[in-house]
Amino acid sequence: MNLIFDINNAFYKSYFVYTNIYGKDKAINEKLLFNKFYTDLMYTCRLFVDHHTVEKVILCYDSKENFRKKLYTDYKSNRSKKEESFYNVLNYTKEYFKKLGFIVTQINGLEADDSIGLCV
């Protein structure tokens, strides 16, 4: 069995929960947000590892550019802009998971769910 995650989606969920306790110190908050996300993701992985043989864990990230935005200029335009810390921590997770040996994908022009479709 392979586990494939839409990391942007999973990260946003951790971020949303975390913002309720967000403080003033940016450096500390970024570390705490990373810890929250890492704990959430590893917990989910362990749920499967405890019951199945997991061969690969694939982490899919959104590309900065998206083909849908080129086709439809209002695509996701109603969403609020994320804070710089959101992207700082999200980018850090990508490099961190690569160092741990996870399979990390980010395909130009695609969102993570598009990458998942290609993986399966």
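Author: Two strands pair if DSSP finds at least two bridges between them. Helices (H or I, at least four residues) and strands (E, at least two) are DSSP runs, numbered from the N terminus. This is a predicted model, in which local features need pLDDT of at least 70, side-chain atom pairs count only at pLDDT 80 or more, and totals for chains, interfaces and linings use all residues. Residues are numbered from 1 along each chain as its sequence is written, and side-chain values use heavy atoms, with hydrogens and water left out.

Reader: In what order do the 3 strands form the sheet?

Author: Strands of a sheet pair through backbone hydrogen bonds, either parallel or antiparallel. Here the order is 1-2-3 in an open sheet, and the pairing is parallel. Strand 1 and strand 3 are the edge strands, each pairing on one side only. From one strand to the next, the twist averages 20 degrees.

Reader: How many bridges join strand 1 to strand 2, and which residue of strand 2 is the bridge partner of Phe 5?

Author: Strand 1 (residues 2–6) is joined to strand 2 by 5 bridges. Phe 5 has Leu 59 as its bridge partner, and Leu 3 stands opposite Val 57. On to strand 3 (residues 103–105), strand 2 has 3 bridges, with Leu 59 opposite Val 104.

Reader: Why is strand 2 described as largely enclosed by the rest of the structure?

Author: A residue is buried under 20% relative accessible area, exposed over 50%, and partly exposed in between (1.4 Å probe, protein chains only). Strand 2 (residues 56–60) is largely enclosed because 4 of its 5 residues are buried.

Reader: At what angle do helix 1 and helix 4 pack?

Author: Axes are lines fitted to C-alpha atoms, for helices over the stretch in contact, and angles run from 0 to 180 degrees between N-to-C directions. Helix 1 (residues 7–18) and helix 4 (residues 84–100) pack at about 130 degrees, their axes 11 Å apart. Helix 1 is therefore oblique to helix 4; angles under 35 degrees count as roughly parallel, over 145 as roughly antiparallel, 65 to 115 as roughly perpendicular and the rest as oblique.

Reader: Which residues make this contact?

Author: Contact means heavy atoms within 4.5 Å. Helix 1 contributes Ile 7, Asn 8, Phe 11, Tyr 12 and Tyr 15, and helix 4 contributes Phe 86, Val 89 and Leu 90.
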